[in-house]
Amino acid sequence: MNIENILAPYGAVPTKIQYEWLNRKTAFIHITVNTFTGKEWGDGSESPSIFNPEKLDARQWISSLKEAGFTTAILTAKHHDGFCLWPSKYTEHSIKNSPYKNGKGDIVREFTDATKEFGLQAGIYLSPWDRNHPQWATPVYDEYYMNQLTELLTEYGEIYEIWWDGAGSDKANYKWEEWVKIVRKYQPKCAIFGPTQTAHLNDIRWVGNERGKAADDCFATLDIEVLKSEDRSEMAKGLNAGTPNGKRFIPAEADVSIRPGWFYHPEQDEMVKTPEDLVDYWFTSVGKNSGMLLNIPPTPEGLFHEIDCKNLLTWDEYIKDIFKTNLAENSEISGNSISGEYTAKNLLTNEDTYFIADDKAAEITFNFKAPITFNCFKMGEEIKLGQRVREFAVEYLENGEFKPIITGQSIGFCRAEYFNDIITTAVRLKITKAEMNPILKQLKVIGFLKLKVISADLSSDTK
Ligand code: FUL
């Protein structure tokens, strides 16, 4: 096969919007009347008079996120209770009838201004389900929703992600196609996260659970027919794992909250995910070829809680620490590359180069002069050219024989795993099955002090 064919994209590949989305680290920010009632879902009857986050400071949210390495933040402009955090022209059920800044406040504005100031990207959650609107799920509501969507997408600068929550909307028949047109018209860089009903239109899919866990083998491609199953658990499995060779490129977003609730509840101050828990979350989301979306809910004062901020920061330090040294840099690296231009050595540079195998199988070996201790492996395909790998093993040399430590089917944009310490003089990635010559962009052999940063049970030898 000639090199042009090998370099041609294989199967479904990311659009520019999706590729940029894959490179983000995104935070969710949930605040509404629930922050004052202690509920998770408001029923729409809450009076705006209860909403008064007196010390709200969106700069505190966004600067904490910036410090912790986030690139993007999504705010709940309107949750299921219908209360709007901006003074929408189309309803009275909003901040303009609250005591917050004597009805003159606009939290969407404060939020988007802060993202601009600190160089983050803003995203908007606008709940389709609206328990306050008397004509919800009728054409009148559709019009209302589209007006609000237009307000949010035209008056606050660039928006990078719109979040259409499927909750409560199973039986509603919205004009999704029209909603999508509005997003594409006003915000050409905006990624659309949406429910299963709109899987044919979305850029991003849900990961199928709210625990931030993608399947071990999570494909960015999907055959959306698998989402039509009446059986919800089948549907969740489809979302969680995707479909190898699926016709749509639609990567999974693994959302979870830093606390048990999506909204702030003081009684959960002792239950904030620790930096160690968050390291695990990194491995079950980004490390499994999906996107990250971590929620941090502001307190009734309108601030991120100090425990949350502290844990975010330590977590970011841990992740940086884990990946700071690539042991492979001190190895003799060899692989069955198609040519000198696409040698396995390219995997050790930060440049925009890659390794291309001369076959649909690949073997890349790292030989070390002295024994190394390693406990983690991180790798990625050049996803712009398609998710090609279907079966791989990471192996290490023991008593003259290679033994597997991780086996799997999906690599994709990023696959990372950790395991118990292994002492060896050689590590090998063996790709035994691929749809087309594998093209790898990164490969790291890592040995980190996991006792410090991992909370998971490592009692079994392999995962
Ligand atoms: C769910 C909602 O019902 C929760 O309240 C939360 O917003 C979560 C992110 O999505 O579907």
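Select helix H8, residues 232-241. In this predicted model, H8 gives the most to the lining of the second largest pocket, with four residues.

Now look at the pocket itself. Its volume is about 650 Å³. Which residues are the closest to the centre of the second largest pocket? Select Asp165, Gly166, Ala167, Trp206 and Arg232 to see them; they belong to a lining of 31 residues. Coloured by class, the lining of the second largest pocket shows 15 nonpolar, nine polar and seven charged residues.

Next, go to the largest pocket. It holds about 930 Å³ of space. Its lining has 35 residues, and those closest to the centre are Asn23, Trp282, Lys378, Phe413 and Gln442. Select these five, then bring in the elements that give two or more residues to the lining: helix H2 (16-22), strand S10 (291-295), helix H10, strand S13 (362-381) and strand S17 (439-446). Which element gives the largest share of this lining? Helix H10 does, with five residues. By class, the lining of the largest pocket divides into 14 nonpolar, nine polar and twelve charged residues.

Colour the chain by domain for the next stop. Domain 1 covers residues 16-322 and domain 2 covers residues 325-446. The centres of the two domains, taken over C-alpha atoms, are separated by 35 Å. In the contact between the domains, 20 residues come from domain 1 and 21 residues from domain 2. The largest pocket draws on both: at least three residues of its lining come from each of domain 1 and domain 2.

Return to H10, and select residues 306-323. Angles under 35 degrees count as roughly parallel, so H4 is roughly parallel to H10.

Show the side chains where these two helices meet. On the H4 side, select Gln60, Ser64, Leu65 and Glu67. On the H10 side, select Cys309, Leu312, Leu313 and Asp316. What classes do the residues of this contact fall into? Four are nonpolar, two are polar and two are charged. Leave H10 selected to end the tour: besides meeting H4 here, H10 gives five residues to the lining of the largest pocket.

Conventions: Residues numbered from 1 in each chain as written. Predicted model: local features only at pLDDT ≥ 70, side-chain atom pairs only at ≥ 80, totals over all residues. Heavy atoms only, no water. Axes fitted to C-alpha atoms, helices over the stretch in contact; angles between N-to-C directions. Parallel < 35°, antiparallel > 145°, perpendicular 65-115°, else oblique. Contact = heavy atoms within 4.5 Å. Nonpolar A, V, L, I, M, F, W, Y, C, P; charged D, E, K, R; others polar. 1 Å grid on protein atoms, 1.4 Å probe; cavity = no way out; pocket = protein on both sides within 12 Å on 5 of 7 lines; lining within 4 Å. Points joined across faces, edges and corners; volume = space filled by probe spheres on them. Domains from an automatic or database assignment.
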